[in-house]
Number of protein chains: 2
Amino acid sequence: MKRNVIVGQSGGPTAAINSSLAGVYRTAIDRGAKKVYGMLHGIQGLLNEKYLDLSEHIKTELDVELLKRTPAAFLGSCRYKLPSFHEDIGTYERIFSILDKLDIEAFIYIGGNDSMDTIKKLSDYAVLTGHTTKFIGCPKTIDNDLTLTDHTPGFGSAAKYIGTSMKEIIRDSFCLEYPRGLVTIVEVMGRNAGWLTGSTVLSKGEDCEGPDLIYLPEITFDIQNFKERIEKLLKEKTSVVVAVSEGIRTADGRYVCELGNDINFVDAFGHKQLSGTAAYLAKFIAAELGCKTRAIELSTLQRAGSHLASRIDILEAFQVGGAAAKAADEGDSGQMVVLQRFSDDPYQSGTAVRDVHKIANDEKCVPRNWITKDGTYVTQEFITYVDPLVQGDVAPIMVSGIPRHLYTPKELYRK
Amino acid sequence: MKRNVIVGQSGGPTAAINSSLAGVYRTAIDRGAKKVYGMLHGIQGLLNEKYLDLSEHIKTELDVELLKRTPAAFLGSCRYKLPSFHEDIGTYERIFSILDKLDIEAFIYIGGNDSMDTIKKLSDYAVLTGHTTKFIGCPKTIDNDLTLTDHTPGFGSAAKYIGTSMKEIIRDSFCLEYPRGLVTIVEVMGRNAGWLTGSTVLSKGEDCEGPDLIYLPEITFDIQNFKERIEKLLKEKTSVVVAVSEGIRTADGRYVCELGNDINFVDAFGHKQLSGTAAYLAKFIAAELGCKTRAIELSTLQRAGSHLASRIDILEAFQVGGAAAKAADEGDSGQMVVLQRFSDDPYQSGTAVRDVHKIANDEKCVPRNWITKDGTYVTQEFITYVDPLVQGDVAPIMVSGIPRHLYTPKELYRK
């Protein structure tokens, strides 16, 4: 690389997104980039000329290791939807004038579906206007719903956290006896794709029976059937533990969390903010069956739990970041780096690039045949797929008993 | 020891309660106990003659290590309130006839305040009736609210989990920008004692500002003042993170979680089941200030998070279990093992025994001068006290990427 690189993070944070940032930085510097800028709060910040020079923040090898272990987006994130250039050419002119001013050779954006939409639009505009900046997408989402890549960085660490937490919850749920039994409903993220909810199956092993039922958003949720299954299980077991996706819907298309009274919000991409599915179902089951129930939302913890990151995930996230910088340096644009799986056992993977036009705004769901016929569990194929992605640990760097992160840039939170 | 030992677990589970069980088992066997029985679901199970022979479950040194790393109560727990023998002598006669049948020399009960009440009553009855079984209590509670002991096993691991999770939540909260800012309210366990909520301060360090406000149940909660403080913070910061105890109350004595509409339950000891404090405050702040808010309940995860246990805590829990078996063997009864702190830095501690009559049904709260004058944070004294208790890690024994526990006895969950 001969000129400068700019990198941004977008969408929901993960435990691995900063490992990709570290990978972009290291490879860009190694390949000769003069400066590596970081957009503050993604393209939304860039539009306001908010960015920083990463070399002022990543000064040592230890800083790189800390950054790999730091959850959420070190640079801040955004949910900005770039208008098409037919709608608003001014925004494009503004972005490209800033890129020119900063002498940007490569623009790398780490994010999910919505971020790949941004890469697609910017690279198309560059082609149309003959602009030389290269635009590369770097996959990131705990939801694992991007197409063409075997899986997405961030998913493995979230799956490891979810499998571990589910196992601890199941243990906890057997402690106290209740006259009519205990039903624990655990709500997991994943609006339309059940990868994370399905990963609760990782709790299953010689030492744990795993969740009793798993409800993915890919399958229509039948609340009467749900009740009958729990009723049956309560005849056999003192404690029943159920995993539900936040995005399960009834046959009429309504989200289960909408059946209660809680107000749900809509974000800039028109996505409903889902929450309260477990709480609603816990109330429903308590009222119908008269048993003790509890609702647990894994909430933000499942995407920010870097203290329990998967080694495979953190290493692949780093590789993917490096591969993005390499692709841009080799002249690619309008591409996303993908992960390819060569073998399940022993697990082997590598990176490649794919045209972002084939990825953006498309969601990869759990295949129907990886879900049991009755729609209440995942199959062995699902387990074989997820299992390699949670292997190995990244030991936190502990200072005074608590994991150390790379400090937060003050620009992120001080007004 | 010449005869048999029986051990039970009671009250809310923790990440360290099984390490105490392992300690009781090891020391009892080392000191010559013939059999070590485990009550299933504490004294409630014992009354139904539900128990197991621990040597059939702890067969190897590796099993001991797995048990130390297994969260929640391996034997199951209960919230059974033993009536006084004036009220119900039949229950006492039943318990002592079972103890005689099993040839029990020592009865060790691992639990919190309510469990020490059980030890007190049983040892009193034994004295009155000339029964030779020794009754020893072993402290356990994440709440850290037992008197006479410097701290309780279980607290350190919960504090480490809470400090770490709070740090990850704070990181996550800076990622996305909202026009009027984001307020995150994190609800922590601890009905009357703020030890756990105060431990969110452990997130503070060179790399993290820590929570902005900490509300303990020891201080009357003023919702207007709370709103004004957040309003002021939102002028300086894009994201405000607040830790609240589930047990905070307003000046009229009502729990904040009761201000909403959610129904709260009462357990066998007359304790209200608290939940929904953060959810209520998040809705209140969103309505009053028009900012984005979110509520996070650390829920069961904070007491079951053995994958992030404190080494000091797990080792002390093991010691306390051993000290209980030793005390009984040396002829003590009606005593609870306590932890004594000799030095903060370097941290040094040891065990002793104290008369359980001076402990039962008394709660140790955070001293007023360990809370700031304005009641919205903890002081350096609090940090100096908690800090040593979260030091060191107990690496989980990972199998296929997920922590391995000692398997659950089938009697616990199969009907």
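Not counting residues up to four places away in sequence, B:V7 touches B:L21, B:V24, B:V36, B:Y37, B:G38, B:M39, B:L54, B:L75, B:I108 and B:I110. Touching, or contact, means heavy atoms within 4.5 Å. The model is predicted, so local features need pLDDT of at least 70 and side-chain atom pairs count only at pLDDT 80 or more, whereas totals for chains, interfaces and linings use all residues. Residues are numbered from 1 along each chain as its sequence is written, chains are lettered from A in the order in which they are written, and side-chain values use heavy atoms, with hydrogens and water left out.

B:V7 also belongs to the largest nonpolar core, which has 152 residues. Along with B:V7, the residues with the most contacts inside this core are A:L54, A:I108, B:L54 and B:I108. A nonpolar core is a set of buried Ala, Val, Leu, Ile, Met, Phe, Trp, Tyr and Cys residues joined through side-chain atoms within 4.5 Å. Buried means under 20% relative accessible area, exposed means over 50%, and partly exposed lies in between (1.4 Å probe, protein chains only). In soluble globular proteins, nonpolar side chains tend to be buried together.

B:G42 is found in helix 2 (residues 42-47) of chain B. Helices (H or I, at least four residues) and strands (E, at least two) are DSSP runs, numbered from the N terminus. B:G42 counts as buried because its relative accessibility is 0%. Beyond its neighbours within four places in sequence, B:G42 is in contact with B:Q9, B:G76, B:C78 and B:Y109. B:T91 lies in helix 4 (residues 89-101) of chain B. At 11% relative accessibility, B:T91 is buried. The side chains of B:T91 and B:D88 are joined by a polar contact of 2.5 Å. A polar contact is a pair of N or O atoms within 3.5 Å; within protein, one must be able to donate a hydrogen and the other to accept it, and residues adjacent in sequence count only if both atoms are side-chain atoms. In helix 3 (residues 61-68) of chain B, the buried residues are B:D63, B:V64, B:L66, B:L67 and B:K68. They pack against helix 1 (17-30) and helix 11 (311-329) of chain B.

The two chains meet in a contact that takes 70 residues from chain A and 70 residues from chain B. The area buried between them is about 6,300 Å², and carbon and sulfur atoms give 52% of this. Buried area is the accessible area (1.4 Å probe) that two parts lose on being put together, summed over both. Across the interface of chain A and chain B there are 46 residue pairs in polar contact, both residues being at pLDDT 80 or more. Helix 6 of chain A gives the most to the side of chain A that touches chain B, with 10 residues. By class, this side has 26 nonpolar, 20 polar and 24 charged residues. Ala, Val, Leu, Ile, Met, Phe, Trp, Tyr, Cys and Pro count as nonpolar, Asp, Glu, Lys and Arg as charged, and the others, Gly among them, as polar.

Two buried residues show contacts between the chains. A:T238 sits in the loop between helix 8 and strand 8 (239-245) of chain A. Its relative accessible area is 18%, so A:T238 is buried. The side chain of A:T238 reaches the backbone oxygen of B:L412 at 3.3 Å. B:L406 is placed in the segment after strand 13 (402-403) of chain B. At 3% relative accessibility, B:L406 is buried. Its contacts beyond four places in sequence include A:R171 and A:D207.

A salt bridge is a side-chain nitrogen of Lys or Arg within 4 Å of a carboxyl oxygen of Asp or Glu. A:D172 and B:R303 meet in one (2.7 Å, N to O). A:E209 forms another with B:R414, the closest N and O atoms being 3.0 Å apart. A:E209 is partly exposed at 27% relative accessibility, and B:R414 is partly exposed at 34%. Within chain A, the side chains of A:R26 and A:E61 form a salt bridge (3.3 Å, N to O). A:R26 lies in helix 1 and A:E61 in helix 3 of chain A, so the pair ties together parts that are 35 residues apart in sequence.
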